[in-house]
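Subject: Structure for your files

Hello,

Here is the structure I said I would pass on. My notes on it follow below.

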Amino acid sequence: MGYLRGLAMQAHCPRCKFDQATIRYDFGDASIVRCSACGLLHLHPWPSEAEVAAVYGGDYFQNERFLTGTHESLYGYADYVAERFNKQPQYADIAREIHQHLASPGASRHERARPRLLEVGCGLGYFLDQAFEEGFDVSGVEFNPGAVERLRRKFAFPIHEGALESMEVPPGSYDAVAMFDVIEHLRAPFEALDQIHDMLSPGGLLIVSTPDAESATSRLIGSRLEDFRRTREHLVFFGRRTLSETLDEHGFELVALKSIGHTFELRFLLERLALYQKHVFHGLRRVVDAIGLGGMQVHVNPHTKMIAIARRRGVRTSVQTLRNNAPEPLAAVDRDVLDELGVLETTSDRHYRWVFDLVAERLGRRVLEVGSGIGVFSKFLISRCDQLTLTDYQPFYLDILRDRFGELPHVERALLDLTQPPFDDARRHVGEGVDSVLCLNVLEHIEDDVAALRGLRELLAPGGNIVLQVPNHPWLFGSLDTTYGHQRRYSPATLRAVVREAGLEVDWLRRFNPYAIPGWFLQGRMLKRPRLDPGALRLYNRAVPALRTINPVVRGMGLSLFASARRTD
């Protein structure tokens, strides 16, 4: 049903929770859709838990019907046992590469002679066997009972039977966690990444292999690709961009990302290719068997699968997990807010980096951020500051910030409500004052903006500054401003006047982002839309690298104003 491709529909994204998507591949009873906000490909609708569990039966690793290519039979492996000797050399190479990364600067530091490695979805233990030979202290977790029974008969290393979420281990129990062809099967892949983050020691490594759904080959083959057709078991599909973004969001720094191939017997490779063109490749298989080449080993890399190695950072909890764990008294009010912030975080990363690069040189080493929320911008500040105080007006958000960033020694959290100066809790945290206060897109929400700035002024050390971002051009005020709770939009003159009345002096002012003015005017003034369209945000985010190069050309206008307001007494 290729004619459905590109059709818009409602489908809840498991990554960003946005509910609009377009059909990429349709298979009748299910479709692979692309989220209109974050770009993740995912199955819609998902099979039930019972339907998924039924796939992982006794024939999963030796599925005699696999090569028939029918929808019902396309799951598991034709003969995973026979593939062992083809997989082991590659697994040994991966284990050695993990060793090398663990020995590099910034890696996990441990006194154990053998690094501790966990494989999630360890199958029949082929990787664990090689990793043990390469010097790792190995253990595994496996969902399939038949595989667990076989593992325990053959190997002595510990195996946990069940799903990853059923494991309970102390934080920092492993130096490396590997998932080969697993993440696309999980019903809660993003929560799994948070759990793995907690399992890893500081600087530990996550290794993930998964289909590359956005590679040129995958796009060319399209709905005929075997990994797409496995709708009984594959639920989410990453490309390089969405995988990289997801790892970053869940507290991992990407170390390596590359395509990965596989070694086959030529006979079996041709049987697999017959799933795409039956008569041609069955004919070729008969030819190679006749001339005695069927058992020849062939390595192929069509760039339909990728492997990522990522290092554990301090940021560890996703917006989705925070939303799911929101306290019930606040859930009705805050879940929609968290959803929207999650969309912004996944659609506007380049924009936020642009903003950070613009303001970073105006900030001192001791910084207080106003309105930190869920930490969308805070993550840029953590490695930049010697002392960082994150603030918000709701204790709920302070709990989120603690969960996302952990207990870092140079990061503190404080309550700060700009409508209620003086800010006593923040003052207790900053002592004699900070070098800079960062207040991005907050001041326009406050009715008495002068009083708010006066209160912030008292948190500054002598000579310190407040870096502000506020909406520009009062004539742009419309439905979007009303939805987002703006009291006003500023002009350079009105902003200077407010700053001066608060006892501060503007020593830098910059108009920013003129390119977004037409979109804001169209959606907020003409169409009176209540919120920004995530698809438009993503298009803008993609254009940011080009816009950064030409931004100095357009200086007379800007959707926002940036300013540095300095304390001069």
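Strand β8, residues 174–180, is largely enclosed by the rest of the structure, because 7 of its 7 residues are buried. Please keep in mind that this is a predicted model.

β8 pairs with two strands, taken here in turn. Strand β5 (residues 116–120) is joined to β8 by 3 bridges, and the two run parallel. In this pairing L117 stands opposite A176 of β8. Strand β9 (residues 200–211) also runs parallel to β8, with 6 bridges between them. Here M179 has V208 in β9 as its bridge partner. To get from β8 to β9 the chain passes through helix α5, residues 189–199, and this β-α-β crossover is right-handed.

In a regular strand, side chains alternate between the two faces of the sheet.

**Cysteines**

How many disulfides does a search of the whole structure find? The count is 0.

- C13 is buried, with 0% relative accessibility.
- C16: the closest cysteine sulfur belongs to C35, also at 3.6 Å and too far for a bond. C16 counts as buried because its relative accessibility is 2%, and the cut-off for buried is under 20%.

Regards

Methods:
Residues are numbered from 1 along each chain as its sequence is written. This is a predicted model: local features need pLDDT of at least 70, side-chain atom pairs count only at pLDDT 80 or more; totals for chains, interfaces and linings use all residues. Side-chain values use heavy atoms; hydrogens and water are left out. A disulfide is a pair of cysteine sulfur atoms within 2.5 Å. Buried means under 20% relative accessible area, exposed over 50%, partly exposed in between (1.4 Å probe, protein chains only). Helices (H or I, at least four residues) and strands (E, at least two) are DSSP runs, numbered from the N terminus. Two strands pair if DSSP finds at least two bridges between them. A crossover is right-handed if, with the strands pointing away from the viewer, the path from the first strand over the helix to the second runs clockwise.
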